[in-house]
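Open the model in your viewer and keep the selection panel at hand. The stops below go from whole chains to a single residue.

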Amino acid sequence: MFTTLVRKELRAVILSPKFAATFAVLSVLLLLSVYIGIQEYREGVKQYETATNLSDQRILEQTSWHNLYDKGYRSVDPMQVFVSGLGYDVGRWSEVSADNSVKLRNSAYSDDPVFAVFRFVDFAFIVQVVFALFAILFTYDAVNGEREQGTLRMVFANAVPRTQYLVAKCVGTWLGLVVPVCIPILLSLLLVMMFKIPLTGADWSKVVLLVGISILYISLFIVMGVFISSLTRRSSSSFLLSLVVWVVLVLIIPRASVMAAGQVVHVPQRAEIEGQRDGYAQDRWTQFYADMEKRLLDNARIDEDQATIGDDEFDEEAMWARMKEEDAARKLVQTEIEEYEARLLEDWRHRKETQQKLGLSLSRFSPASAYQLAAMTLAGTDISMKPRYESALNQYRNEFNSYVEENQSESGQVGGVMIQIGCEEGVKVGTSRENDGLDLSGRPTFTPPAQPLSEVVQPVVTDVGLLAFGIMFSFVGAFVSFRRNDLR
Amino acid sequence: MLRVIIDKEMREMIGSTKFALTFAVCAILIVLSFYIGAANYKVSVDHYQAAKAENLQQLEGVTDWLMVRQNRIFLPPQPLAALVTGVSNDIGRTTEVEARGELASHDSRFNEEPIFAVFRFLDLSFIFTVVLSLFAILLGYDAISGEKERGTLKLALANAVPRSTLIMGKLLGSFAALSVSLLVALGIGCLLLPLMGVPMAAADWWRLGLIILTGMLYFGVFLTISMFISTTTQRTSSSFLLLLVVWIVGVLIIPRASVLLAGRAVDVPSVDEVGAKKASYASQLWKDFRHGMASFKGPETQDVEQMMNVFNKYMDSLTAIRDEKMNLYTAQLNEERYNRQKVQQAVAFNLARLSPVASLTLATEELSGTSLGLKNRYYDQAMAYQKIYAAFLKEKTGMNVGGRMMVFKVKMDGEEEEEEPIDPNELPAFVYEPPSVPDSLQAATGDMGLLGLLNILFFAASFVAFRRYDAR
């Protein structure tokens, strides 16, 4: 009996005129989104390679260890073909130097805001918005539509338990909706292979997981449609109700909850933190210069005592030695400022994390947001991408700085140009002691952080659990309301 | 007769449960978007003020303007940007201004607070594009086909009513009923703004009024499309399905796809390429500069003060040459990129205008001052400010410091005079000047006109289709 019911349901779905229309639209959209994703990925890789090449070239042309800096670029993950996530919103590169702290800047959208006007369309978006809408379209009249047609009474004239009927409804619609859509999904995966997108074994398991979660998400909407349909007496009202539910779940709750978290937890602008750091730095440097002035005066006195003025050879050597000392003192001040900023930033990050946790937890009331968050995590373009890169860049910065420092002290270089103005010597402009080129062998390079599969899967488990819970909840709801349903 | 039909249509529309439910959702969302916009604006203003204050605070206790290296300016939040966010969250807000050198703004809100980028913003323009259009479809899809299914169409046409009057009455009636109720919700939302302390100038009210007008035009387009499709189909289920497909393609796909397409079709040199060119030219100039500096010959004098002056003058002339060369080069590179971008934008937006959503988005963004022009406008004004700032520093310090130059005076004679701290408030303030209302309106007119035209077009189409409609 169960199979008969499922078969009947399946036939009803596939033979309905809306099936042809929605299937065609969905297939085109899924393929289009993956195709666009592939193109954007290739463009991204091209841009990344050009940028890193240019950056390498630039650093090799440098002639001074002083003020030497590198740039760390965010790489493009092939999973972005399916889920663009925050890839276009977060800065693409950061300066890596002793002077400035790590900060990702120049997001793709801020460089080319034309792409920000209408945003992006990717696989996850199509599933989250369009496919969910179609799932509702097929299930809103699952139960009450049959009652309106009078077929519900006929079904129950047979010896069919109500549970079995409901399960058959869900399974039949599921088979009719999800299985055909696997065709465009497989085709799009074929497209990915055809364009030779370098997906590793781990990436493929992520893709499989993504498809699995997408199916779970759609199943939730199917069961929810059945639930709403058994809750209402007329199909017109269940249609309206499910459309409202769709609007609220997919479009409103995610956005509203994040905005609410923004109101509750206040996180200052980064510029404010930087202003505080600059204030501190200004104080420290003022102090430093005052000390330097004193040191210079003392040195001048020593020079006078030793009556070495006029001995240019000695003067110059002593001068450079002293500049080295100054350099060391300068570095000390810099470290202090850096530590101060690190403390500020830690507090700032902590606040931000609180805000994010609140916003995202609130948003998970909606399965659409749970789905999107899971998809982003799988693609590595979620909210943790930025801190992940920042910590990797910080690590690289330490390596890079100690490398530069070591080489600088070996080469005996002191940077800068010294200009002296005094009543005896007149104006003297020194050329700096810089070589024509630097020996940059053994230079550390920045490798973008890799995410092991287990690290990706772990946070997804919560969202999968939420989706599964949503399905169970809807099904139990459908079951309870259907049991009390008046079949006439 | 027309009046009777309009009257009947309005009464029927407002009396239906469908209307009650969808209108309730719509109204709540509209008011919510205003509320969120106002609250968000206040948070942004707080941040903006705090950042600005911090920028001045860091200068406290400094005794010499020579020590002042960097000055930060910020793009102030605009009241209407909270309602139509446009690209305001995507472009950099903070610009570090030095006396010379190219300016770059960074710290876009979405980069700094990616949490808001995860699901994007819930603003009025989003409610307009997605919810209002859905609302229009939901209430218009069965305008004709529904009456036919219920059999009332035949009854209506049994009277001496010309078909033109009937369809005109239907359209006007439903439009009046829906727009009046929407305007009530929008009005409540507008009232929220001053109540929540958002400072709205007269110009802002004009802008808001025009934004709402554009929204209504957009709503009209979807209503007439629904009417048209309803007159070309025999059954309500098929008209709804067709409209849903139109909605998905129009609202979600065309705008996004066309921009991505234009991105592929028109090549724009990337920021990195341009940046690398600039950097290599700058390092070349720096080498020349250093050689120039080394070849300085001091005057035959013992007076340090005079010597300083001569040296400063010499340095100034060197700097001026270097600056001029660099500025010329950057301006040229920027313009090349800008021109390519312009072409790309034109292709993208004209393609996107196939969908009324693009017209709505572009027009409302122009009206609220958050269109793509915002980035260039901010950049231009920051450049103008840089000149003022450089002149100010020059006046204060007598020299044109910038870059990584470090200048300090050592007093050999131990002349101990207590130095006065500088007054940070003397620093010239940066004021962002939004485009004037007529300018914005001019930029938006094309798209508003397009929306109006679509209204007429689809109405005419449904008129023609209805004349041939089989009412049985």
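Select chain B. It has 15 helices and three strands; helices (H or I, at least four residues) and strands (E, at least two) are DSSP runs, numbered from the N terminus. Chain B is more spread out than a compact globule, because its radius of gyration is 30 Å, well over the 23 Å that the globule rule gives for 472 residues. That radius is taken over C-alpha atoms, and the globule rule is 2.2 Å times the number of residues to the power 0.38.

A note before moving on. This is a predicted model, in which local features need pLDDT of at least 70 and side-chain atom pairs count only at pLDDT 80 or more, while totals for chains, interfaces and linings use all residues. Residues are numbered from 1 along each chain as its sequence is written, and chains are lettered from A and ligands numbered from 1 in the order in which they are written.

Stay on chain B and show its C-alpha atoms. They fill a box of roughly 110 × 45 × 35 Å along the principal axes. Of the 472 residues in chain B, 43% are buried. Buried means 20 or more other C-beta atoms within 10 Å of the residue's own; exposed means 12 or fewer, and partly exposed lies in between, with C-beta atoms placed from the backbone.

Now select chain A. Look for 14 helices and five strands. Buried residues account for 42% of the 488.

Next, show both chains and select where they touch. Two residues are in contact if their C-beta atoms, placed from the backbone, lie within 7 Å.

Last stop: zoom to Met376(A). Find it in helix 12 (residues 367–379) of chain A. Is Met376(A) buried or exposed? It counts as buried, because it has 23 C-beta neighbours inside 10 Å. Beyond residues up to four places away in sequence, Met376(A) touches Val83(A), Gly85(A), Thr381(A) and Asp382(A).
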